[in-house]
Amino acid sequence: MPELPEVETVRSGLAANVLGATISDVKVFENRSIRQHDKGKKDFQSQLVGNKILSANRRGKFMWLQLQNENRDDALVIHLGMSGQVLLHKTSELEKHARVVFDLQGKRNKQLTMRFVDQRMFGGMFLDSLIQTPEGDFLPSRVTHIARDLFDPFVDDDKIVAEILKRKAGIKSLLLNQSIVSGVGNIYADEALWQTKLHYLTPGSRLKASQVSQTLSALREIMQKAIAAGGTSFDEQYVRVNGESGWFEVELNAYGQEGEPCARCGRQIVREAWANRSSHRCPRCQPARNLGG
DNA sequence: CCGGCGTCCTGGGGGC
DNA sequence: TGCCCCCAGGACGCCG
């Protein structure tokens with residue numbers, strides 16, 4: 001499940017391998033993977049061929065390749081969804097779930113294929129124009145509603161804390177709200193709330209600023225570890241830019257730990273149905289009292 | 001505006 | 001052996 005660290009691993013892998021390359025061909029095997037590209041497959045292909053890749057960027061879980069073409073500031077926006085991967089190969093057989101394949105021509109005519117592989121097709125890509133926001137950022141126009149993530153140099157933790165404190169929704173759904181703070185998904189939300197001993201349903205308005213602030217710090221610390229772990233998995237011969245790398249190597253204390261003893265107190269971690277998915281918590285460290293009402 | 005819920009999507013796995 | 005159902009969850013639309 002790609003969250004910010006996994007997307008950052010992919011972005012940095014692309015930045016290291018495809019900058020300056022020119023897109024020489026695009027094959028779309030699955031229309032649903034470009035369903036957010038309103039103008040359809042033909043337009044997607046013709047707009048991309050001949051473009052040079054200038055940079056690889058990210059905000060939260062959205063990433064985009066900045067493209068150079070006829071006087072436009074365009075971006076190929078990519079979202080990995082649940083199961084998306086971006087793979088780079090010199091050559092080899094196509095993956096079963098290869099949905100969109102780009103042929104790239106790099107420096108010294110080096111040939112690469114960049115493949116968007118996605119089993120469940122929650123992910124996708126589309127072309128968008130880059131615009132300057134009132135805050136001075138250059139973002140794809142359809143990514144401007146995404147808040148800064150916790151690694152953005154201009155992120156303002158106090159602003160995030162203030163927003164959370166005035167909301168009545170549970171802290172976990174606020175952390176997952178990409179317009180408040182971006183990049184956080186189910187895994188890291190559960191881990192951070194375990195760190196700060198908060199129940200996921202605690203209304204934002206019942207929290208102290210220090211508790212929210214510490215939760216943001218915990219998120220940043222855990223995700224930083226996952227980024228560091230993901231960044232070690234690159235190979236120069238066969239670059240596998242893998243959307244699932246990273247968190248396998250980070251010790252998890254809550255997510256997926258149902259029935260395991262809490263690393264702090266020994267009580268068994270529980271998994272509870274929440275918002276059509278699940279939440280994990282330690283019943284002793286993160287009790288259901290103080291939830292308000 | 002806010003918040004909660006449904007929907008999209010596939011394949012692995014468990015139950016019977 | 002086969003079939004059915006559950007489960008994983010990011011983003012967004014809809015509704016009250």
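1. Helix α5 passes helix α6 in a right-handed crossing, the near helix being turned clockwise from the far one by less than a right angle; helices here are DSSP runs of H or I of at least four residues, and strands are runs of E of at least two, numbered from the N terminus. The contact is made by Y188, E191, A192, L193 and Q195 of α5 and by T215, A218, L219, I222 and M223 of α6, where contact requires C-beta atoms, placed from the backbone, within 7 Å.

2. This is a predicted model, in which local features need pLDDT of at least 70 and side-chain atom pairs count only at pLDDT 80 or more, while totals for chains, interfaces and linings use all residues. Residues are numbered from 1 along each chain as its sequence is written, and chains are lettered from A and ligands numbered from 1 in the order in which they are written.

3. The axes of α5 (residues 186-195) and α6 (residues 209-230) come within 9 Å and cross at roughly 125°, with axes fitted to C-alpha atoms over the stretch in contact and angles running from 0 to 180 degrees between N-to-C directions. The two helices are therefore oblique to each other, a class left over once angles under 35 degrees (roughly parallel), over 145 (roughly antiparallel) and 65 to 115 (roughly perpendicular) are set aside.

4. Strands β10 (residues 270-274) and β11 (residues 277-281) pair in the antiparallel sense over five bridges, pairing needing at least two DSSP bridges. A273 stands opposite S278 in β11, and in this hairpin, with two residues between the strands, A275 takes a positive phi near 50°.

5. A275 is also among the residues that surround DNA strand B, including R32, F122, K168 and N276, each having its backbone-placed C-beta atom within 6 Å of the strand.

Note on methods: Two residues are in contact if their C-beta atoms, placed from the backbone, lie within 7 Å.
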